[in-house]
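Subject: Structure handover

Dear colleague,

The structure we discussed is below. Please look it over before reading the notes that come after.

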Protein chains: 2
Amino acid sequence: MEKIKRNDRVAAISKILSSHPNRIFTLSHFSQMFNTAKSTISEDIAIIKKAINHFSLGDIETVAGAAGGIRYQVSPSYDHSREFVEDLCEKLSESQRLLPGGFLYMNDIIHKPETIRDIGQILASSFKDKELDFILTVETKGIPVALMTAHFLGCPLVVARKKGNVTEGPNVSINYATATSGRLETMYLSKKAIEGYKRALIIDDFMRGGGTAKGMQELLKEFSIDIVGVGVVIATSEPKAKLVDDYFSLVELVSVDQEKKRIEISPSRWFSNKI
Amino acid sequence: MEKIKRNDRVAAISKILSSHPNRIFTLSHFSQMFNTAKSTISEDIAIIKKAINHFSLGDIETVAGAAGGIRYQVSPSYDHSREFVEDLCEKLSESQRLLPGGFLYMNDIIHKPETIRDIGQILASSFKDKELDFILTVETKGIPVALMTAHFLGCPLVVARKKGNVTEGPNVSINYATATSGRLETMYLSKKAIEGYKRALIIDDFMRGGGTAKGMQELLKEFSIDIVGVGVVIATSEPKAKLVDDYFSLVELVSVDQEKKRIEISPSRWFSNKI
C-alpha cells in the first residue's frame, strides 16, 4: 500500500473498534499505527461514529480522563431488538420444540452465531451503563448466552459449576432449590475465578422460579460481591413472584399446553409496552 | 446524514462484514442499503479488502456463483498468532496455576473475551478451508473456545453433555475412557441438535490421551457424520500416541513438576518450526 488514505484508515479503525466492543483505544494507538496526527484520527473517528449511528450499527463513545480514549459500544435500536424478539417468539413457539415434561428445545437458537450475537447484544446493551467486573452464569446452557454478552461488554465470564471440578482450585459451594428439577442442588464457584472482583452481572438462558439465579446471588454474597443485574433470555409468566426481585428478559413463556401441543410465548414487557 | 459518502459506506460495510465472519453478503444487499450502484459498492469493498489485508486484520473473499457475494474471513498473520501463542505459554507456565494432581488453572484465560477471541481466530483460521456444518464440543470448559471458533467460522455449535438432559430431547450416548479421570464416562448427544448435518469439526480446550475427542468421534459415527478435524488449545506431550490420529493445537504442555512447582509449556509444532 503506497500511501494510507482516509478511506483505508476508516476501514481499518471501524474493523478494529467493532471487533473489540467496550475496549478503550487511545487516539495515540491509531496515530502510531497510521503514522498520522491525532487530529486526523479524530476526524476519521467522527466519520465512523456518524456512519454507524446512522445505520444503527452501534455507537462510538469518547471516554474522558487519563485512561481515556474511544470505544465501540453495541446499541441495537429498539425497533431492531423488538423485531428480533418477535422473530424469536415465533421460532420458540413451533410445536415440534415441545419435549416431554413441557420443556422447550431451544439449543439450535442459543448455539447459532447469528442468533446468539443478537441475544448477546440486547443483553449487553441493557446493562451497558452498569459498572461491572465480570459476568456470572452457571453451566451448561447459560454459557453461550453469557459469553456473547461478555464479548459485547468486554468483561470476563465466570462459570459456576454443578459439580466441583479438579481444574478450578478451591471452591465455595451452596445448596439451592430449582423449580425445574424440584430438588435441592449444589452449585460451586471457584475462589480463584473471582479474585479481586467486586461487581457482577448474572446471565442465564432460562428463569422459572428464579431459584438458580437466587443460588448465584447467594454464592456471590459469600464473596461480598455486589450484583448489578440479572438478565435471561426466557422467563416464564408463572410463578409471577420470582425468587429474585429484579431481572431483565427478552421473552416471556406464557403457557405450554402439552396435549394440544401449543406453546404461547410473547415479547417481554421491555419489548411490548412501547408501540 | 445529508448525503452518504464513500467514507460512510466504507465505515459501515467494514463494521457489518467483520461482525458477521464467514457470512456471505450479496452486493445487492449493500447496494440497496446505500441506494448506490453495485459497481460503487465493489469499489468500496476493494478499499476495505486492501486496508484490512494491509493491517493483517483479516480478508474479504469473493464467492462466485448463484449464492455468491462477499464475506469477511479471519486470517491472523503467522507472526501475530505466534506472538499470541508465546504469550499464552508464558501465562500458562505461572507456578500459581498449579493445582493438586498436576492440573492447571486456566479458566481466567479461556473466559476472557480478549484471549478467547484470539484463540477462536487461530482455531477458525486453521480450519477455514474445510467444509463443515457445525462444531462439536463437550461440556463444560470446551464451550467458550468452541463458541468463539463457531462465531468466526459462522457455523452452529453443538454441545455434547456428560449427563442426559430433559431439555435436549432424545439422546444417543456412548461410553468413553479419559486419561484425566481414569474412569469410564458417558457422553450424550442430542439427536435434534445434529439433524441434517453431515460434517463436523471437533473443538475442545485440552487433550491428554485423546479419550474425550475419541468419544466425540464415536458419537458422530453413530450419526454417520464425517469429522473434518480436531482442534484444541492445549495438548500434552505425553502420551505421544493420542487416541485420535490427527489434531491441531496452539500449545503443548511438556511437563508439570509438582514438587518444584514448575510448568513447562511451549508453542505447538505449528508455531515453533518456522522462524
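The notes below cover the sheets and the helices packed on them.

The model is predicted, so local features need pLDDT of at least 70 and side-chain atom pairs count only at pLDDT 80 or more, while totals for chains, interfaces and linings use all residues. Residues are numbered from 1 along each chain as its sequence is written, and chains are lettered from A and ligands numbered from 1 in the order in which they are written.

Chain A

An open sheet of six strands has the order S6-S5-S9-S10-S11-S12, with mixed pairing. Strands (E, at least two residues) and helices (H or I, at least four) are DSSP runs numbered from the N terminus; two strands pair if DSSP finds at least two bridges between them. The edges are S6 (157–160) and S12 (262–267), each pairing on one side only. Neighbouring strands are turned by 25° on average, direction ignored. Axes are lines fitted to C-alpha atoms, for helices over the stretch in contact, and angles run from 0 to 180 degrees between N-to-C directions.

S11 (248–257) runs antiparallel to S12, joined by six bridges; A:Val251 is opposite A:Pro267 of S12. Helix H4 (78–92) touches S11 and S12, at about 175° to S12. Contact means C-beta atoms, placed from the backbone, within 7 Å.

Chain B

Six strands again form an open, mixed sheet, ordered S6-S5-S9-S10-S11-S12. S9 (199–207) and S10 (226–236) are parallel over eight bridges, with B:Phe206 opposite B:Ile234. Helix H8 (211–222) packs on this sheet, touching S5, S6, S9 and S10, at about 160° to S9.

Regards

Note on methods:
Contact = placed C-beta atoms within 7 Å.
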